[in-house]
Amino acid sequence: MARINCFIPAGGPGEWDHTFNEFRAGGLVNRVFIMGPETPENLAPGVAFLKTSGRQSAEAIRMIADRSADSDFTMIISGEAPVSFGMLALERFIQVAVDMDASMVYSDHFDLLEGKLSPHPLIDYQAGSLRDDFEFGPVLLFKSQILIAAAGDLSDDFQFAALYQLRLKLSLTSLPVRIQEFLYTINPMDSRSSGEKIFDYVNPRNREVQVEMERVVTLHLKELGAYLEPDFASIEFGRKNFPVEASVIIPVLNRVKTISHAIDSVLTQKTSFDFNLIVVDNHSTDGTTKLLEEMSALHPRLVHVIPDRKDLWIGGCWNWGVHHELCGKFAVQLDSDDLYINEHTLERMVGAFYEQQCAMVVGSYRMCNFDLEEIPPGVIDHKEWTPDNGRNNALRINGLGAPRAFYTPLLREINVPNVSYGEDYGLGLAFSRHYQIGRIYDPLYLCRRWEENSDASLSIEAMNRHNQYKDRLRSYELAARIKLNREM
């Protein structure tokens with residue numbers, strides 16, 4: 001029978017006793033190691049301690065590799081919450097790893113919430129699952145010999161990103177395999193809503209971690225042949241005649257509470273050029289359409305259009321506006337429940353195209369409630385972006401920021417995916433493959449969080465759908481970049 005060496009984080013006295021007892025009763029676990037900065041009091045019988053300042057450091061991964069040679073499999077429990085395994089769960093982990101010849105296996109699990117088991121499904125790993133926060137759950141099973149070989153290739157100085165580098169190196173041989181079964185239970189320690197968690201990767205307190213993660217993904221892209229040098233196609237903004245210099249485009253569906261605020265923030269813009277506002281009304285039924293008819297009669301710059309088809313999502317509405325005959329040379333984004341921060345936003349967005357010689361511009365925004373009062377995490381500025389490596393690092397993160405603006409002739413060539421989540425990210429990847437993306441790090445935009453936001457508090461299933469789609473976009477882009485490099 002295959003045997004496992006298991007590595008778990010240090011916790012409080014007795015926290016992991018139930019897990020240890022399960023290991024002893026099952027007979028599959030060869031050795032157990034506790035990892036942490038200080039030796040725990042009263043180590044459980046048969047459990048050894050490994051001192052490490054960071055469990056995801058290169059030092060810690062090498063410690064694990066050095067102690068895995070006497071086992072067929074190595075299990076790393078990466079989360080802080082104790083794990084309770086289901087009946088024959090370890091056997092199932094091993095069975096799938098052997099049958100699939102997988103270097104790494106993970107599984108769905110249960111969350112114990114208020115005394116009740118709640119299913120926590122995960123998603124399948126694919127080539128584009130490059131983000132460092134891909135959710136595997138806390139239980140990871142590796143083939144020991146493959147882990148040992150990969151650990152020998154890790155960069156020496158990583159303090160936070162070695163586990164990330166390990167799984168990317170393993171994926172060069174075979175992708176991690178998900179077991180679509182609920183094999184264990186945890187009591188989750190992070191109870192925040194999805195709308196709060198999605199900004200962890202841009203939290204300034206995590207900056208040192210993000211720098212390491214960027215180094216890891218850059219090395220990985222070079223190994224794959226997908227890395228892009230900082231060599232960008234030039235832009236000629238004199239192409240074609242347009243009715244105005246810029247068009248703000250707002251797709252809207254049933255936002256009678258907020259659309260007039262968004263429109264007012266556009267119409268009060270002060271610019272040195274002509275602009276208009278194209279609102280693509282996706283067959284609203286709550287009074288939005290009537291309101292837009294009234295406002296467009298009063299404001300010549302407001303173009304109210306209703307598509308003659310009903311299969312459009314946000315991306316499709318964007319395409320409708322971009323291909324409209326009144327669309328300007330630059331197409332600038334605004335969501336129907338958000339606002340520009342002041343009357344100079346549009347001038348700054350358009351000016352950045354000429355100043356930075358870019359095909360797309362991304363600004364920064366401030367999170368606020370419905371009454372426009374700032375809420376955590378405050379300003380989202382994506383300062384992790386660098387002109388030279390931003391387009392490579394974009395394959396690691398889950399978004400590029402807002403507001404966004406595009407050079408219309410190129411946007412009409414690339415077009416927007418007809419979806420209502422991730423369409424902006426897909427555009428950023430596609431534009432950055434050939435062109436520089438300009439950045440403005442001052443907040444230009446007020447992003448409202450309220451009960452009708454589409455991503456304020458999502459279910460696990462909805463988050464999975466969104467993440468799976470963004471991973472798919474990365475898979476497309478990864479393949480395109482590999483092909484581009486081969487053809488050069």
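This is a predicted model: local features need pLDDT of at least 70, side-chain atom pairs count only at pLDDT 80 or more; totals for chains, interfaces and linings use all residues.
Figure 1. All five of the five residues of strand S8 (residues 139-143) are buried, so the strand is largely enclosed by the rest of the structure. Both of its faces are covered. Val-139, Leu-141 and Lys-143 are buried on one side, and Leu-140 and Phe-142 are buried on the other.

**Figure 2. The strands that pair with S8, among them S4 and S6.** Strand S4 (residues 73-77) runs antiparallel to S8, and the two pair over five bridges. In this pairing Phe-73 stands opposite Lys-143 of S8. Strand S6 (residues 104-113) also pairs with S8 in the antiparallel sense, over two bridges. Here Met-104 is the residue opposite Phe-142 of S8.

**Figure 3. The salt bridge between Arg-215 and Asp-157.** The side chains of Arg-215 and Asp-157 meet with a distance of 3.3 Å from N to O. Arg-215 belongs to helix H7 (residues 207-224), while Asp-157 sits in the loop between helix H4 (144-151) and helix H5 (162-171), so the pair ties together parts that are 58 residues apart in sequence. Arg-215 has a relative accessibility of 35% and counts as partly exposed. Asp-157, at 43%, also counts as partly exposed.

**Figure 4. The salt bridge between Glu-245 and Lys-329.** The closest N and O atoms of Glu-245 and Lys-329 are 3.8 Å apart. Lys-329 has a relative accessible area of 14%, which means that the residue is buried, since the cut-off is under 20%.

**Figure 5. The salt bridge between Arg-481 and Glu-477 in helix H15.** The closest N and O atoms of Arg-481 and Glu-477 are 2.8 Å apart. Because the two residues are four residues apart in helix H15 (residues 460-487), about one helical turn separates them. Arg-481 is buried, with a relative accessibility of 0%. Glu-477 is buried as well, at 4%.

**Figure 6. A network of salt bridges.**

Technical notes
Residues are numbered from 1 along each chain as its sequence is written. Side-chain values use heavy atoms; hydrogens and water are left out. A salt bridge is a side-chain nitrogen of Lys or Arg within 4 Å of a carboxyl oxygen of Asp or Glu. Buried means under 20% relative accessible area, exposed over 50%, partly exposed in between (1.4 Å probe, protein chains only). Two strands pair if DSSP finds at least two bridges between them.
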